[in-house]
Amino acid sequence: MQDLAGKIAFVTGGASGIGLGIAQALLGAGMKVAIADIRQDHLDQAVAELGGGEDVLAIRLDVTDREAFAGAADETVETFGKIHMLVNNAGVAALGPVELAAYGDWDWTLGVCLGGTINGIVTILPRILAHGEGGHIVSTASMSGMVPHAGAATYVTAKAAVIGLMESMRAELEDRDVICSAFCPGGVQSNIAEAGKTRHERFADTGYAVTDLARQNAGNFAHLFMTKEEVGERVLEGILADELFILTHSEFLDGVKDRAAAMVAAVPHKRPENHEYKQTFARLFRNPVHAAEIARQEKLKA
(Lines give C-alpha, C1' and ligand atoms only; values in the text may rest on other atoms or scores of the structure.)
Protein backbone atom coordinates (compact mmCIF):
# COMPACT_ATOMS: atom_id res chain seq x y z
CA MET A 1 0.00 0.00 0.00
CA GLN A 2 2.34 2.70 -1.22
CA ASP A 3 -0.59 4.91 -2.25
CA LEU A 4 -2.36 5.74 1.01
CA ALA A 5 -4.31 8.83 -0.01
CA GLY A 6 -8.04 8.33 0.44
CA LYS A 7 -7.64 4.90 2.05
CA ILE A 8 -9.15 4.07 5.45
CA ALA A 9 -7.31 2.90 8.58
CA PHE A 10 -8.67 1.45 11.82
CA VAL A 11 -6.32 1.99 14.79
CA THR A 12 -6.92 0.39 18.19
CA GLY A 13 -5.45 2.08 21.22
CA GLY A 14 -5.51 5.05 18.88
CA ALA A 15 -6.30 7.86 21.29
CA SER A 16 -2.94 8.24 23.01
CA GLY A 17 0.73 7.32 22.84
CA ILE A 18 1.85 5.09 20.00
CA GLY A 19 -1.63 4.72 18.51
CA LEU A 20 -2.20 8.46 18.37
CA GLY A 21 1.23 8.97 16.80
CA ILE A 22 0.39 6.42 14.13
CA ALA A 23 -3.00 8.02 13.52
CA GLN A 24 -1.33 11.41 13.07
CA ALA A 25 1.13 10.01 10.54
CA LEU A 26 -1.57 8.19 8.57
CA LEU A 27 -3.73 11.32 8.44
CA GLY A 28 -0.70 13.23 7.21
CA ALA A 29 -0.35 10.68 4.42
CA GLY A 30 -3.90 11.41 3.30
CA MET A 31 -5.75 8.55 4.95
CA LYS A 32 -9.04 8.65 6.82
CA VAL A 33 -8.67 7.16 10.29
CA ALA A 34 -10.95 5.54 12.83
CA ILE A 35 -9.36 5.68 16.27
CA ALA A 36 -10.72 3.13 18.74
CA ASP A 37 -9.87 3.37 22.42
CA ILE A 38 -11.25 2.20 25.75
CA ARG A 39 -10.97 5.65 27.39
CA GLN A 40 -13.45 8.33 26.37
CA ASP A 41 -11.31 11.11 27.88
CA HIS A 42 -8.41 10.06 25.68
CA LEU A 43 -10.68 9.94 22.64
CA ASP A 44 -11.91 13.47 23.30
CA GLN A 45 -8.36 14.76 23.68
CA ALA A 46 -7.19 12.88 20.59
CA VAL A 47 -9.93 14.28 18.36
CA ALA A 48 -8.96 17.79 19.48
CA GLU A 49 -5.27 17.11 18.86
CA LEU A 50 -5.97 15.63 15.43
CA GLY A 51 -8.05 18.66 14.52
CA GLY A 52 -11.33 16.77 14.24
CA GLY A 53 -12.84 16.99 10.80
CA GLU A 54 -14.50 14.47 8.53
CA ASP A 55 -11.38 12.31 8.21
CA VAL A 56 -11.38 11.25 11.89
CA LEU A 57 -13.85 8.89 13.53
CA ALA A 58 -13.56 8.26 17.28
CA ILE A 59 -15.04 5.04 18.68
CA ARG A 60 -15.00 3.85 22.26
CA LEU A 61 -13.95 0.20 22.24
CA ASP A 62 -12.72 -2.51 24.57
CA VAL A 63 -10.77 -4.76 22.18
CA THR A 64 -11.59 -7.83 24.28
CA ASP A 65 -15.30 -7.34 23.48
CA ARG A 66 -15.84 -9.14 20.19
CA GLU A 67 -19.39 -7.96 19.65
CA ALA A 68 -18.34 -4.35 20.23
CA PHE A 69 -15.39 -4.82 17.88
CA ALA A 70 -17.72 -5.93 15.10
CA GLY A 71 -19.93 -2.92 15.81
CA ALA A 72 -16.92 -0.58 15.61
CA ALA A 73 -15.87 -2.08 12.28
CA ASP A 74 -19.41 -1.71 10.93
CA GLU A 75 -19.52 1.93 12.08
CA THR A 76 -16.24 2.61 10.30
CA VAL A 77 -17.49 1.06 7.06
CA GLU A 78 -20.77 2.95 7.32
CA THR A 79 -18.85 6.21 7.79
CA PHE A 80 -15.95 5.79 5.37
CA GLY A 81 -17.12 3.01 3.04
CA LYS A 82 -14.29 0.51 3.56
CA ILE A 83 -11.33 -0.44 5.73
CA HIS A 84 -7.93 -0.90 4.08
CA MET A 85 -5.61 -0.90 7.06
CA LEU A 86 -5.83 -2.41 10.53
CA VAL A 87 -3.42 -1.26 13.22
CA ASN A 88 -3.70 -3.57 16.23
CA ASN A 89 -2.08 -1.33 18.82
CA ALA A 90 -4.05 -1.60 22.07
CA GLY A 91 -1.84 -3.05 24.78
CA VAL A 92 -1.34 -3.45 28.52
CA ALA A 93 1.46 -4.78 30.71
CA ALA A 94 1.50 -6.67 34.01
CA LEU A 95 5.13 -6.93 35.12
CA GLY A 96 6.90 -8.71 37.93
CA PRO A 97 8.34 -12.11 38.99
CA VAL A 98 6.66 -14.93 37.10
CA GLU A 99 5.88 -16.87 40.29
CA LEU A 100 3.72 -13.96 41.49
CA ALA A 101 1.64 -13.77 38.33
CA ALA A 102 -1.97 -14.67 39.06
CA TYR A 103 -4.49 -15.87 36.49
CA GLY A 104 -5.84 -12.32 36.30
CA ASP A 105 -2.43 -11.00 35.26
CA TRP A 106 -2.10 -13.62 32.53
CA ASP A 107 -5.69 -13.30 31.32
CA TRP A 108 -5.60 -9.50 31.23
CA THR A 109 -2.28 -9.20 29.40
CA LEU A 110 -2.98 -11.99 26.91
CA GLY A 111 -6.60 -10.93 26.53
CA VAL A 112 -5.73 -7.41 25.45
CA CYS A 113 -2.34 -7.74 23.74
CA LEU A 114 -2.93 -11.04 21.94
CA GLY A 115 -6.70 -11.53 22.17
CA GLY A 116 -7.36 -7.96 21.04
CA THR A 117 -5.08 -8.52 18.06
CA ILE A 118 -6.88 -11.75 17.17
CA ASN A 119 -10.25 -10.03 17.51
CA GLY A 120 -9.10 -7.32 15.14
CA ILE A 121 -7.96 -9.85 12.57
CA VAL A 122 -11.08 -12.02 12.74
CA THR A 123 -13.29 -8.94 12.55
CA ILE A 124 -11.53 -6.78 9.96
CA LEU A 125 -9.44 -9.05 7.71
CA PRO A 126 -12.54 -10.45 5.93
CA ARG A 127 -13.67 -6.87 5.29
CA ILE A 128 -10.28 -6.04 3.75
CA LEU A 129 -10.28 -9.13 1.55
CA ALA A 130 -13.87 -8.54 0.46
CA HIS A 131 -13.23 -5.24 -1.32
CA GLY A 132 -10.23 -6.64 -3.22
CA GLU A 133 -8.23 -3.41 -3.13
CA GLY A 134 -5.43 -4.78 -0.98
CA GLY A 135 -4.52 -3.74 2.51
CA HIS A 136 -2.09 -3.74 5.37
CA ILE A 137 -2.20 -5.10 8.92
CA VAL A 138 0.23 -3.70 11.48
CA SER A 139 0.25 -5.31 14.91
CA THR A 140 2.15 -3.67 17.73
CA ALA A 141 4.38 -6.21 19.42
CA SER A 142 7.50 -5.09 21.27
CA MET A 143 11.24 -5.61 21.40
CA SER A 144 10.33 -7.58 24.52
CA GLY A 145 8.80 -10.15 22.18
CA MET A 146 11.88 -10.24 19.96
CA VAL A 147 14.49 -10.09 22.74
CA PRO A 148 12.77 -11.66 25.79
CA HIS A 149 13.89 -10.59 29.25
CA ALA A 150 13.21 -11.45 32.87
CA GLY A 151 10.42 -9.89 34.90
CA ALA A 152 7.90 -9.68 32.07
CA ALA A 153 6.73 -13.23 31.34
CA THR A 154 3.09 -12.34 30.67
CA TYR A 155 3.98 -9.41 28.42
CA VAL A 156 6.78 -11.23 26.58
CA THR A 157 4.48 -14.19 25.92
CA ALA A 158 1.80 -11.98 24.37
CA LYS A 159 4.20 -9.94 22.27
CA ALA A 160 6.19 -12.91 21.00
CA ALA A 161 2.92 -14.48 19.90
CA VAL A 162 1.98 -11.32 17.99
CA ILE A 163 5.31 -11.40 16.13
CA GLY A 164 4.80 -15.04 15.13
CA LEU A 165 1.24 -14.29 14.09
CA MET A 166 2.33 -11.53 11.73
CA GLU A 167 5.09 -13.71 10.23
CA SER A 168 2.65 -16.53 9.58
CA MET A 169 -0.02 -14.26 8.12
CA ARG A 170 2.52 -12.45 5.94
CA ALA A 171 3.45 -15.72 4.24
CA GLU A 172 -0.22 -16.51 3.66
CA LEU A 173 -1.63 -13.13 2.63
CA GLU A 174 1.09 -11.27 0.72
CA ASP A 175 0.10 -12.93 -2.56
CA ARG A 176 -3.44 -11.66 -1.92
CA ASP A 177 -2.18 -8.07 -1.63
CA VAL A 178 -2.48 -7.85 2.13
CA ILE A 179 0.82 -7.02 3.83
CA CYS A 180 1.37 -7.90 7.50
CA SER A 181 3.94 -6.18 9.71
CA ALA A 182 5.08 -6.74 13.28
CA PHE A 183 5.84 -3.38 14.89
CA CYS A 184 8.42 -3.89 17.64
CA PRO A 185 9.18 -0.59 19.38
CA GLY A 186 11.60 0.05 22.22
CA GLY A 187 10.97 2.77 24.78
CA VAL A 188 8.19 5.11 23.66
CA GLN A 189 6.32 7.88 25.44
CA SER A 190 2.94 6.25 26.02
CA ASN A 191 0.21 5.75 28.62
CA ILE A 192 0.70 2.00 29.03
CA ALA A 193 1.65 2.56 32.69
CA GLU A 194 -1.92 3.80 33.25
CA ALA A 195 -3.51 0.73 31.68
CA GLY A 196 -4.47 -0.63 35.09
CA LYS A 197 -7.10 2.09 35.38
CA THR A 198 -9.20 0.27 32.79
CA ARG A 199 -8.51 -3.26 34.00
CA HIS A 200 -11.84 -5.08 34.00
CA GLU A 201 -13.23 -6.72 37.14
CA ARG A 202 -12.96 -10.17 35.57
CA PHE A 203 -9.17 -9.68 35.49
CA ALA A 204 -8.93 -8.33 39.04
CA ASP A 205 -6.96 -11.28 40.44
CA THR A 206 -3.33 -10.16 40.60
CA GLY A 207 -0.07 -11.04 42.25
CA TYR A 208 1.57 -7.87 40.99
CA ALA A 209 -0.02 -5.20 43.18
CA VAL A 210 3.21 -4.58 45.11
CA THR A 211 5.54 -4.74 42.12
CA ASP A 212 3.27 -2.50 40.07
CA LEU A 213 3.23 0.11 42.82
CA ALA A 214 7.02 -0.04 43.01
CA ARG A 215 7.23 0.44 39.25
CA GLN A 216 4.98 3.49 39.41
CA ASN A 217 7.11 5.00 42.17
CA ALA A 218 10.40 4.34 40.39
CA GLY A 219 10.34 7.67 38.58
CA ASN A 220 9.35 8.93 35.16
CA PHE A 221 11.89 8.32 32.41
CA ALA A 222 9.60 9.31 29.54
CA HIS A 223 11.91 12.15 28.55
CA LEU A 224 14.44 9.51 27.46
CA PHE A 225 11.97 7.72 25.22
CA MET A 226 10.95 8.21 21.61
CA THR A 227 8.01 10.57 21.06
CA LYS A 228 4.71 9.41 19.60
CA GLU A 229 5.33 11.61 16.56
CA GLU A 230 8.68 9.93 15.86
CA VAL A 231 7.13 6.51 16.29
CA GLY A 232 4.20 7.35 14.03
CA GLU A 233 6.52 8.45 11.24
CA ARG A 234 8.61 5.30 11.67
CA VAL A 235 5.53 3.10 11.32
CA LEU A 236 4.43 5.04 8.25
CA GLU A 237 7.89 4.53 6.76
CA GLY A 238 7.65 0.80 7.45
CA ILE A 239 4.20 0.59 5.87
CA LEU A 240 5.33 2.36 2.73
CA ALA A 241 8.34 0.02 2.47
CA ASP A 242 6.23 -3.13 3.15
CA GLU A 243 8.55 -4.07 6.02
CA LEU A 244 7.85 -7.31 7.88
CA PHE A 245 9.54 -6.11 11.07
CA ILE A 246 9.20 -2.41 11.85
CA LEU A 247 11.84 -1.60 14.47
CA THR A 248 12.71 1.68 16.17
CA HIS A 249 15.82 1.40 18.37
CA SER A 250 19.32 0.44 17.23
CA GLU A 251 20.48 -0.32 20.78
CA PHE A 252 18.70 -3.70 20.59
CA LEU A 253 20.96 -4.91 17.77
CA ASP A 254 23.30 -6.94 19.97
CA GLY A 255 20.38 -8.59 21.75
CA VAL A 256 18.80 -9.58 18.44
CA LYS A 257 22.13 -10.98 17.23
CA ASP A 258 22.67 -12.95 20.45
CA ARG A 259 19.23 -14.52 20.31
CA ALA A 260 19.59 -15.42 16.64
CA ALA A 261 23.05 -16.88 17.29
CA ALA A 262 21.72 -18.97 20.18
CA MET A 263 19.04 -20.41 17.90
CA VAL A 264 21.55 -21.19 15.14
CA ALA A 265 23.92 -22.82 17.64
CA ALA A 266 21.11 -25.03 18.97
CA VAL A 267 20.23 -26.56 15.60
CA PRO A 268 21.62 -30.15 15.56
CA HIS A 269 24.01 -30.94 12.75
CA LYS A 270 23.03 -34.60 12.56
CA ARG A 271 20.05 -34.95 10.27
CA PRO A 272 17.73 -37.87 9.44
CA GLU A 273 18.99 -40.21 6.74
CA ASN A 274 15.65 -40.19 4.93
CA HIS A 275 16.27 -37.79 2.04
CA GLU A 276 12.58 -37.27 1.24
CA TYR A 277 11.88 -36.42 4.88
CA LYS A 278 14.70 -33.87 4.92
CA GLN A 279 13.63 -32.22 1.71
CA THR A 280 9.98 -32.01 2.73
CA PHE A 281 10.60 -30.43 6.10
CA ALA A 282 13.37 -28.17 4.83
CA ARG A 283 10.86 -26.63 2.45
CA LEU A 284 8.09 -26.50 5.04
CA PHE A 285 10.07 -24.62 7.66
CA ARG A 286 11.84 -22.11 5.43
CA ASN A 287 9.46 -19.18 5.56
CA PRO A 288 9.81 -17.32 2.25
CA VAL A 289 8.92 -14.00 3.87
CA HIS A 290 12.22 -14.03 5.76
CA ALA A 291 14.31 -14.29 2.59
CA ALA A 292 12.17 -11.56 1.02
CA GLU A 293 12.60 -9.35 4.09
CA ILE A 294 16.39 -9.74 4.03
CA ALA A 295 16.43 -8.68 0.37
CA ARG A 296 14.09 -5.77 1.10
CA GLN A 297 16.21 -4.48 3.96
CA GLU A 298 19.44 -4.79 1.97
CA LYS A 299 17.83 -2.76 -0.82
CA LEU A 300 16.68 -0.07 1.64
CA LYS A 301 20.18 0.22 3.10
CA ALA A 302 21.92 0.32 -0.29
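**Working through the model**

A: Start with Asp177, which is exposed at a relative accessible area of 53%. Exposed means over 50%, buried under 20%, and partly exposed in between, using a 1.4 Å probe and protein chains only. This is a predicted model: local features need pLDDT of at least 70, side-chain atom pairs count only at pLDDT 80 or more, and totals for chains, interfaces and linings use all residues. Residues are numbered from 1 along each chain as its sequence is written, and side-chain values use heavy atoms, with hydrogens and water left out.

Q: Where is Asp177 found?

A: In the loop between H6 and E6. Helices (H or I, at least four residues) and strands (E, at least two) are DSSP runs, numbered from the N terminus.

Q: What is phi of Asp177 near?

A: Near 65 degrees, a positive value in a residue other than glycine. Most residues other than glycine have a negative phi. Asp242 also has a positive phi, near 55 degrees.

Q: Is Asp242 buried or exposed?

A: Asp242 counts as buried, at 16% relative accessibility. Its place is the loop between H8 and strand E7 (245-247).

Q: New topic. At what angle do H1 and H8 pack?

A: Helix H1 (residues 17-28) and helix H8 (residues 228-240) pack at about 55 degrees, and their axes are 7 Å apart. Axes are lines fitted to C-alpha atoms, for helices over the stretch in contact, and angles run from 0 to 180 degrees between N-to-C directions. So H1 is oblique to H8. Under 35 degrees is roughly parallel, over 145 roughly antiparallel, 65 to 115 roughly perpendicular, and the rest oblique.

Q: Which residues in H1 meet H8?

A: Among them are Gly17, Ile18 and Leu20. On the H8 side, the residues include Lys228 and Val231. Contact means heavy atoms within 4.5 Å.

Q: Now His42. Where is its place?

A: In helix H2 (residues 40-49). His42 is buried, with a relative accessible area of 7%. Leaving aside neighbours within four places in sequence, His42 is in contact with Ala15, Ser16, Asp37, Asn191 and Glu194.

Q: And how many residues has the largest nonpolar core?

A: It has 44, and Phe10, Ile124, Ile137 and Met169 have the most contacts inside it. Such a core is a set of buried Ala, Val, Leu, Ile, Met, Phe, Trp, Tyr and Cys residues joined through side-chain atoms within 4.5 Å.

Q: Which element gives the most to this core?

A: H4, with 8 residues.
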